[in-house]
Amino acid sequence: NVQYDERDVTGGVALNIRGGGAHDTSFENYHLKKGQALLKVKPRDNTRPDDPYERLMSAINDGSPILISGATATGKTTFLNHMLKLIDKNSRVITVEDAREIRVPQANRVHLLLSRTEQNNDFNYARLLDLVVRMTPDVIIGGEISTDNASILWEMLGTGHDHFYTTIHAENADAAYAAFADRILHTQPAYNRAELMAEMRKKIRVVQLSRDGALRAVTEVV
């Protein structure tokens with residue numbers, strides 16, 4: 001279930017090394033003092049510039065979750081691969097896919113595979129979520145959203161990690177939110193669909209790709 005290099009077909013081992021931490025700590029080490037306002041660490045102002053290019057770049061720079069939407073052959077994975085070139089080369093990157101498609105230029109990376117058709121052990125999406133959180137990545141990249149992984153990817157998005165990117169088949173941005181929500185509801189029917197979609201619109205930016213013959217273009221950035 002673990003790969004580092006695309007030539008690795010037998011699977012491997014991912015190792016996460018944690019430091020011992022400071023032994024002499026106090027609340028002040030966490031900037032908690034009586035009568036002092038709490039710090040806002042990496043605040044996300046959720047600004048959405050009028051210019052679509054700046055809208056995308058601001059989302060990448062502030063670590064907003066991004067959902068790349070489009071029909072088959074619109075270039076979603078290629079677009080995602082290009083976005084990764086804009087991320088700090090020292091970032092720790094984890095990809096979660098059912099087949100290796102994403103090309104990560106960062107050296108500090110691990111690829112986790114959960115095949116839809118060839119799974120031969122007990123590793124599942126629930127265990128994967130726990131593993132990803134423990135590995136403290138800077139960037140999480142989910143493969144294409146499906147009914148199998150939608151709820152786990154949504155949970156990953158809520159773990160507080162920046163730079164969460166994934167793809168989905170949809171014809172426009174509104175349909176992308178709806179498709180994501182419907183795939184979650186397939187396995188987690190207790191969610192309220194309207195509330196789920198409203199939360200998605202607040203948290204997730206959508207980049208819509210469209211195709212006409214050889215022409216591929218970004219048609220929405222929301």
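Here are some questions and answers on this predicted model.

Q: What makes β1 and β8 the edges of the sheet?
A: The open sheet has eight strands, running β1-β4-β3-β5-β6-β2-β7-β8, with mixed pairing. β1 (2-3) and β8 (215-221) each have a single partner strand, so one side of each is left without a neighbour in the sheet.

Q: Why are β3 and β5 called paired?
A: Pairing takes at least two bridges. Strand β3 (residues 93-97) and strand β5 (residues 139-144) have four, in the parallel sense, so they count as a pair. Thr95 sits opposite Ile141 in β5.

Q: Which strands does helix α4 touch?
A: Helix α4 (residues 150-157) packs on the sheet against β3, β5 and β6 (164-168). Its direction makes about 155° with that of β6.

Q: How do you know that the buried residues of α6 are on the same side?
A: In helix α6 (residues 193-203), the buried residues Leu196, Met197 and Met200 cover an arc of only 95° around the axis, which puts them on the same side of α6. They pack against α4 and α5. On the other side of α6, Ala194, Glu195 and Lys202 are exposed.

Q: What makes Asn192 a cap for α6?
A: A side-chain oxygen of Asn192 lies 3.1 Å from the backbone nitrogen of Ala194, at the N-terminal end of α6. A polar contact needs N or O atoms within 3.5 Å, so this pair qualifies.

Note on methods: Residues numbered from 1 in each chain as written. Predicted model: local features only at pLDDT ≥ 70, side-chain atom pairs only at ≥ 80, totals over all residues. Heavy atoms only, no water. Helix = DSSP H or I, 4+ residues; strand = E, 2+ residues; numbered from the N terminus. Contact = heavy atoms within 4.5 Å. Axes fitted to C-alpha atoms, helices over the stretch in contact; angles between N-to-C directions. Buried < 20%, exposed > 50% of the residue type's maximum accessible area, 1.4 Å probe, protein only. Arc of directions from axis to C-beta. Polar contact = N/O pair within 3.5 Å; in protein donor to acceptor, adjacent residues only side chain to side chain.
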